[in-house]
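Thank you all for coming; today I would like to walk slowly through a few local features of one model.

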Amino acid sequence: MRKACSKALFPFPISLQTQYTCSFFTTTAAAAAATSTDSFIALCTKGNLMQAFTTHHSLILSDPSLFSHLLKACIERRSLSLAQQLHCIILTAGRSNLKFVSNHLVNTYSKLGHMGAALEVFDKMSERNVMSHNILIGGYIQNGQLGAAIKVFKEMGRRNSATWNAIITGLIVSEFNEDALRMFAKMHADGFSPDAYTLGSVLRGCAGLKDLTKGKQVHGYVMRTGLKFDLVVGNSVAHMYMNCGCLSDGERIILSMPVHNIVSCNTLIAGRVQNGCPTGALDHYRVMKISEIRPDKITFVSVITSCSELSTLGQGQQIHAEVLRAGATSVASVISSLISMYSRCGCLDDAVKVFEERAVSEDDVVLWSSMISAYGFHGKGEDAIELFNKMEIDGFKPNEVTFLSLLYSCSHCGLKDKGLELFDSMVKKYGLNPQVKHYTCVVDLLGRTGRLDEAERFIRSMPIKPDTITWKTLLSACKTHKNVEMAKRIAEEILRIDPRDSASYVLLSNTQASAKRWDEVSEVRKTMRKMMVKKEPGVSWFELKNRVYHFTMGDDKSNPQSEEIDIYLKELMDEVRLCGYVTDTGASLHDMDMEEKEYNLVHHSEKLAVAFALMNTADGVPIRIMKNLRICDDCHVAMKCISVVRNREIVVRDSSRFHHFKNGKCSCGDYW
């Protein structure tokens, strides 16, 4: 600690500190006698350490426990230098042998991230208690050194509940959930009764494992101990059920609690989002505001994500305004959610604006990755790569998510060579291990450029097992390039993994239909009926005045304007035909006469949605349509023509990307 003593931050030299009994403290004894403990503590609380020490030095020496207030102030100020100064004074004053003071020194160094100094103080303690060990264990866990914490835990003799809580929480924070549950069982076997804090941690471990059986066992224990109405435990039980997919059980727990707080609301809102109930999440957010519970950053992330899922731009903009009023725009997770929301709602410019106006202090790799992903989703591959290059220059190390976004961008913009180069860089330059999704993007890169055989060889040589999405990516490329024989082979691979995968049957059937092999199409559809597999219906939706309108193909009469839509759409299609549009009957993959095919194509859900939007919005306002399936070739051509005859920008988000139709062109460059 001699090195630490060389920096005198208090207003007197170290030489005087070592001679305090002869000079400094003697001359100010009268003044110290007139001060009070309350005055000293008040100064420490305000962060006035120098004034607190110089004014009350005699009081501190008479009651060494007061050093704890000075050390706590060092933690608040995040000042390692001041902590080292105080350590020097404690040593020279002969107070380092006091267990209470040394425990506070270990805690201070731990909280300031200086575990080497914390261990040095711990090792020199002549007498330690359980708290001494608990502080050191907690310090190691807070500083990401779980192994060192476990070593101290194993070597210590006597333990208490706080010891077990610290180590169980550390394991769960580090995602060693199974080890944490085993430690909980050992705690119980050793005769320690878990408290609310223990049970909250263990339930988070069950949630992390999605182990409903163990979660229910812990819930049963909670009921027997009478802790079911404890806020921490109740919220943790609800979170466990929701994370295991039991939304209704989690909701029942939350609603049965006599008191709700921000954590309860966040648990319910996040649970609904996670379980595919974004509308319910927004409903509870409104209830929460009526109850005058103020949202925090966790709330905002969940409700913004809900707006992303629903593509409800209006509600997203309202919540963005609430974020601004709450002063939460400096939180990285909130900014990232806003970027994603605007991107998924078709407003790339607004996403870019949020990114560019972010607080630099909150900059992190997640934000950069979100923006790269937004560019890729909107077909701006070159912009995504340019932003990645800037990210590297600014010193941010890309992670697996960054590269997934980059590979996605390249595959959707036809940047095959750049995509393969980035995949190689991910492994060799950054030492990252590609996951199935990364390999799937490479398959997409090869498949879109017609290199089907190479894509199949790539899948079969993968070091990890491909999933159905990987194979379906190649199957989709087979459809695009009309390779029926390979499509059959690839479909068999998928159906071996999941015999009820409807998309595989549909892709195979469509590939055969595009080659006019109607007998084979019929066989596939017979198999679907036999297996009771149903094709997912095409649905498009459009938001108007905070209300979402849904459209399905054919004679959908659910919309009150359905008759007007049919008339308007017929007139609209007549106009676009005058501009050169010809119905692409090849996009109708059914064996029927030409008139039926044309009728079906005209009444695709996205065309109905566009007709409704044109009828109900002012001239010049961009139209944003969302669709659950990939847009067909005929609708793609029709949208380009409609953008000309109505002088409108039309944005369509399908299952894989955004299409920005303007002045007869699409942002995808007809590559999708």
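Let me begin with a question: which residue in β5 is the bridge partner of arginine 653? Before the answer, please keep in mind that what we are looking at is a predicted model. The partner is phenylalanine 658, and this bridge belongs to an antiparallel pairing of strand β4, residues 650-653, with β5, which is made over four bridges. The two strands are joined by a hairpin, with four residues leading from β4 to β5.

Staying with β5, which covers residues 658-662, we find that four of its five residues are buried, so that the strand is mostly covered.

Now let us turn to the helices. Helix α6, residues 49-62, has a kink of about 80° centred on histidine 56, and His56 is also among the buried residues of α6, which include Phe53, His57 and Ile60.

Finally, the axes of helix α21, residues 297-310, and helix α23, residues 332-344, come within 9 Å and cross at roughly 10°. Because that angle is under 35 degrees, α21 counts as roughly parallel to α23. Their contact has seven nonpolar, five polar and three charged residues, including Phe300 and Ile304 from α21 and Leu338 and Met341 from α23.

How values were computed. Residues numbered from 1 in each chain as written. Predicted model: local features only at pLDDT ≥ 70, side-chain atom pairs only at ≥ 80, totals over all residues. Heavy atoms only, no water. Bend = angle between axes of the 7 residues up to and from the residue. Buried < 20%, exposed > 50% of the residue type's maximum accessible area, 1.4 Å probe, protein only. Pairing = 2+ DSSP bridges. Axes fitted to C-alpha atoms, helices over the stretch in contact; angles between N-to-C directions. Parallel < 35°, antiparallel > 145°, perpendicular 65-115°, else oblique. Contact = heavy atoms within 4.5 Å. Nonpolar A, V, L, I, M, F, W, Y, C, P; charged D, E, K, R; others polar.
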